[in-house]
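Morning, everyone. I have one structure to go through today, so please look at the screen.

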Amino acid sequence: QVQLVESGGGLVQPGGSLRLSCVASQTIFRLYTITWYRQTPGKQREPVANITSGGGTNYADSVKGRFTISRDNAKNTVYLQMNNLKPEDSAVYYCYEWGFGSWGQGTQVTVSS
């Protein structure tokens, strides 16, 4: 099993930026695709962005051009750089790794003036 720990969430004004981090407990993490999801109360968790072991990326239409996913395998870490944040980006953000099927505990992002 791989343990994942997210961090970097917080309160930010509209138009602001945050960088989320997802740190894995094992180096085998680098072999797997990682997806960032987000969830708001009463709604299903939705995929935001994913990155393959080779660095290929995909994004939800709602975040294209604003969010960037990247990974640093030397640090067992995947990042989600979020720019030009909007109130509708407010959610709990989770990372998920597709090898063992592990979730992190989530980090809250709130975009509000």
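Some housekeeping comes before that. This is a predicted model, in which local features need pLDDT of at least 70 and side-chain atom pairs count only at pLDDT 80 or more, while totals for chains, interfaces and linings use all residues. Residues are numbered from 1 along each chain as its sequence is written, and side-chain values use heavy atoms, with hydrogens and water left out.

Now the disulfide, meaning a pair of cysteine sulfur atoms within 2.5 Å. How many are there by this rule? The count is one. Cysteine 22 and cysteine 95 form it, with their sulfur atoms 2.1 Å apart. Strands here are DSSP runs of E, at least two residues long, numbered from the N terminus. The torsion about the S-S bond is about 75°, so this disulfide is right-handed.

Are these cysteines buried or exposed? Buried means under 20% relative accessible area, exposed means over 50%, and partly exposed is in between, using a 1.4 Å probe and protein chains only. Cysteine 22 has 0% relative accessibility, so it counts as buried. Cysteine 95 also comes out at 0%, and is therefore buried.

Next, strand 9 itself. Seven of its seven residues are buried, so the strand is largely enclosed by the rest of the structure. Which strands does it pair with? Pairing requires that DSSP finds at least two bridges between two strands. Strand 4 (residues 34-39) pairs with strand 9 in the antiparallel sense over six bridges, and there glutamine 39 has valine 92 as its bridge partner. Strand 11 (residues 107-111) is antiparallel to strand 9 over three bridges, with alanine 91 opposite valine 109. Strand 10 (residues 102-103) is antiparallel to strand 9 over two bridges, and tyrosine 96 is the bridge partner of tryptophan 103. The hairpin of strand 9 and strand 10 has four residues between the strands, and glycine 101 takes a positive phi near 75° there.

Last, isoleucine 69, which sits in strand 7 (residues 67-72). Its relative accessibility is 4%, so isoleucine 69 counts as buried. Contact means heavy atoms within 4.5 Å. Leaving aside neighbours within four places in sequence, isoleucine 69 is in contact with residues including Ile34, Trp36, Tyr59 and Leu80.
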